[in-house]
Amino acid sequence: MEKGLAFPQDCRDFLHSLRMRSKYALFLAFVVVVFVFIEKENKIISRVSDKLKQIPQPLVDANSTDPALILADNASLLSLSELDSAFTQLQGRLRNLSLQLGVEPAGEAEAGLEAAAREGGPPRPTKARPRRHVLLMATTRTGSSFVGEFFNQQGNIFYLFEPLWHIERTVTFEPGGANAAGAALVYRDVLKQLFLCDLYVLEHFISPLPEDHLTQFMFRRGSSRSLCEEPVCTPFVKKVFEKYHCKNRRCGPLNVTLAAEACRRKDHMALKAVRIRQLEFLQPLAEDPRLDLRVIQLVRDPRAVLASRMVAFAGKYEGWKKWLAEGQARLGEEEVQRLRGNCESIRLSAELGLRQPAWLRGRYMLVRYEDVARWPLQKAREMYRFAGIPLTAQVEDWIRRNTQAAQDASGIYSTQKNSSEQFEKWRFGMPFKLAQVVQAACGPAMRLFGYRLAQDAASLANRSVSLLEERGTFWVT
């Protein structure tokens, strides 16, 4: 070989290395394009899935269940949960792969491009807002309306009071089995849309159907300050019937569009629900990158809960009252089983939350109503600290004014009371044999939450005998 055509070995190695790098760069670019395409496809599938899960009310009888939401008679709750979890995990893995390859997920990238287009400048990186989504998860007569006010009274939080009531009233599910799983899925998917400020999802379930996004039938509208303040509170219209009206001012029919816009303007979102029973069904919400979910599970002594329900929902407890009045030897097995099932559902969710699985770590807090009643300001600060939201003086003032006062005229539904005196009032009117039934049915839950069993009628009615174990805070970081 001629000397002029010879290449030094170092040059040949350099060119070979350059060619290999080019090949890998092309391959990596191809992979990135593929994953961007998959991410966008995944987003489209998710949107379609959300739409399919909504129930157009005109097409569904108010007393029937959408067949698409009912499992086969022999389907198991485990298989449904596994399928739902598998799809959610796939979404998470696709997103994580995109991030590892340096590709911004489709939704975030599109947000940055849209903002740039509006401003007429080059695309800019999007910054995640520190928006929290707080779910107060409870059952009826546990003091959830009172505790919910801790979030309702803060001006930068958009708070909704029991919006899932509309779903329960519109779509009928038989208790237990596949129908119970179907109900949980519907509640969860509606909950997700509400946390995203898509309040239009409720229109399918409000009866009568809203017209032009206006309704007079939003349940307990007056219990949500956000639905009764400007600009959601539109001018009052005379001769328009309002089934659920604002408490301290007269507003026109609720404009769902204005409410959705107000929700998006608030810094945070909070919601109270007594119809979410299984904590495990919330896993997709905890793993949704659009949400920053915080779950506060509120529990109360089941003896106090039953005593309160027998007053508030007297018609549903005629069997219990007859048993007490007539001195029968045994209470109906159906009533006892229902009580046991409610306690077990609460206990299982709490045990899952306290175990802190990876998807729930730092997102779950267990609170006893009795502790809130005794130390309302301290517990409010703990809940806000857990949620990652600064507590304002406005909320602290409300707590001081409403926990050291005589109960107001709204009676059993009051959120104004001398809480430190009221929380044990049930003990002095409950027959001991009724307490015994609750203790037998709900023993495991009572032991978990630190509620002591009463050994006899005297200890039940003796204020100096505490039925509470001191547990401090249940919050596990």
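**Helix packing and the nonpolar core**

The elements that cover the buried residues of helix α9 include α10 (318-326), α11 (333-355) and α16 (432-449). The model described here is a predicted one. Helix α9 covers residues 302-312, and nine of its eleven residues are buried, so the rest of the structure largely encloses this helix. The buried set consists of Pro302, Arg303, Ala304, Val305, Leu306, Ser308, Arg309, Met310 and Ala312.

Helix α16, one of the elements covering α9, deserves a look of its own. Its end C-alpha atoms are only 21 Å apart, whereas a straight helix of 18 residues would span 26 Å at 1.5 Å a residue. A bend of about 80 degrees is found in α16 at Cys442, and the proline Pro444 follows within four residues. After the helix comes Gly450, with a positive phi near 85 degrees.

The buried residues of α16 are Phe432, Leu434, Ala435, Val437, Val438, Gln439, Ala441, Cys442, Gly443, Ala445, Met446 and Phe449.

The nonpolar core comes next. The largest such core holds 108 residues, and Phe150 and Phe151 have the most contacts inside it. Helix α16 gives the most to this core, contributing ten residues. Leaving aside residues up to four places away in sequence, Phe150 touches Val372, Pro376, Ala380, Met383, Tyr384, Val395, Trp398 and Ile399.

Strand β2 (residues 157-161) is mostly covered, with five of its five residues buried. Ile157, Tyr159 and Phe161 point one way from the strand, while Phe158 and Leu160 point the other way, and all are buried. β2 pairs with strand β5 (residues 268-273) in the parallel sense, over five bridges. In this pairing, Ile157 stands opposite His268 of β5.

Leu196 sits in the loop between α6 (177-195) and β3 (214-215). With a relative accessible area of 27%, Leu196 is partly exposed, because buried residues are those under 20%. Beyond residues up to four places away in sequence, Leu196 touches Arg290 and Leu291. Leu196 and His133 are separated by 63 residues in sequence, and their C-alpha atoms are 9.1 Å apart in space.

Key:
Residues numbered from 1 in each chain as written. Predicted model: local features only at pLDDT ≥ 70, side-chain atom pairs only at ≥ 80, totals over all residues. Heavy atoms only, no water. Buried < 20%, exposed > 50% of the residue type's maximum accessible area, 1.4 Å probe, protein only. Helix = DSSP H or I, 4+ residues; strand = E, 2+ residues; numbered from the N terminus. Contact = heavy atoms within 4.5 Å. Expected span 1.5 Å × (residues − 1). Bend = angle between axes of the 7 residues up to and from the residue. Core = buried A, V, L, I, M, F, W, Y, C linked by side-chain atoms within 4.5 Å. Pairing = 2+ DSSP bridges.
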